[in-house]
Amino acid sequence: MLAGGAGGLGRAAAEMLAAEGARVIVSYRSRAIDSAVKADLSDADDRRRLLDTAPALYGLVVFAGEAARSEELLEQSLASNFVGPIRLAREAAERMKAANTPGAIVLIATMQATAVFAGSTAYAAPKAALLHAGRILAKEMRGPANIRVNVVCPGVNDAGMARASIASGKYDRFLSEGVIPRWGRAEDVARAVRFFLEPDSYVTGQVLTVDGGLTL
């Protein structure tokens with residue numbers, strides 16, 4: 001299940017997983033696509049209805065979130081980038097545990113959750129909270145339950161939220177100064193997601209930053 005997977009990053013992951021034989025369920029909040037489930041992760045009934053679509057859930061990837069560039073939007077950002085996603089993850093984990101079904105949960109944060117960028121409080125702080133809460137969930141679900149929880153932190157990708165900023169030239173210096181070799185692609189994030197979803201994996205509680213070395 002890919003929650004909030006209607007955007008560029010989610011679509012690439014869905015296509016990659018489907019091509020390898022996975023049964024993929026995609027949800028969206030505002031960007032409708034064919035065969036997807038509409039769900040607002042801040043709503044408990046929507047989260048329950050979404051999880052009910054996959055009674056034998058193995059994997060959950062939470063792409064949900066939105067850009068927030070003003071601190072006046074902090075409460076809204078907390079709801080969409082932290083509270084809704086972590087509640088969905090915890091509820092999914094409890095269902096897996098109750099069903100005695102090992103599984104994998106992947107939370108999508110941002111490189112801004114692992115490094116300090118000026119002016120990023122409204123977006124980065126909720127994503128940093130998501131990262132930390134995801135590791136707590138991984139610790140709670142380790143051992144016999146065998147529900148692995150990991151976090152992927154994308155960098156500047158020519159897809160999703162960052163595409164408009166790339167087009168405006170905001171990040172050009174990262175290329176001109178030799179910080180990164182190219183812009184990230186949706187497929188870069190999709191490969192990281194696929195890695196964490198591999199059956200019988202021995203990896204949990206980890207954070208993988210997919211940014212071409214930018215935060216170094």
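This is a predicted model: local features need pLDDT of at least 70, side-chain atom pairs count only at pLDDT 80 or more; totals for chains, interfaces and linings use all residues.
**Entry: α7 against α1**

I next checked how α7 (residues 186–197) sits on α1 (residues 8–19). The axes are 8 Å apart and the packing angle is about 55°. Angles of 65 to 115 degrees would count as roughly perpendicular and those under 35 as roughly parallel, so I put the pair down as oblique. The crossing of α1 past α7 came out right-handed.

Then I listed who makes the contact. From α1 I have G8, L9, A12, A13, M16 and L17. From α7 I have A186, E187, V189, A190, R191, R194 and L197. By type, I noted nine nonpolar residues, three charged and one polar.

**Entry: what α7 hides**

Which residues of α7 are buried? I found A186, D188, V189, A190, A192, V193, F196 and L197. Looking for what covers these buried residues, I found α1 along with strands including β4 (59–62), β5 (103–108), β6 (147–154) and β7 (207–210).

**Entry: T110**

Last, I went to the loop between β5 and α4 (121–140), where T110 is placed. Is T110 buried or exposed? The cut-off for buried is under 20% relative accessible area; T110 has 6% relative accessibility, so I logged T110 as buried. Leaving out residues up to four places away in sequence, I see T110 touching Y123, K127, V152, C153 and P154.

Notes. Residues are numbered from 1 along each chain as its sequence is written. Side-chain values use heavy atoms; hydrogens and water are left out. Axes are lines fitted to C-alpha atoms, for helices over the stretch in contact, and angles run from 0 to 180 degrees between N-to-C directions. Helices (H or I, at least four residues) and strands (E, at least two) are DSSP runs, numbered from the N terminus. Angles under 35 degrees count as roughly parallel, over 145 as roughly antiparallel, 65 to 115 as roughly perpendicular and the rest as oblique. A crossing is left-handed if the near helix is turned anticlockwise from the far one by less than a right angle, and right-handed if clockwise. Contact means heavy atoms within 4.5 Å. Ala, Val, Leu, Ile, Met, Phe, Trp, Tyr, Cys and Pro count as nonpolar, Asp, Glu, Lys and Arg as charged, and the others, Gly among them, as polar. Buried means under 20% relative accessible area, exposed over 50%, partly exposed in between (1.4 Å probe, protein chains only).
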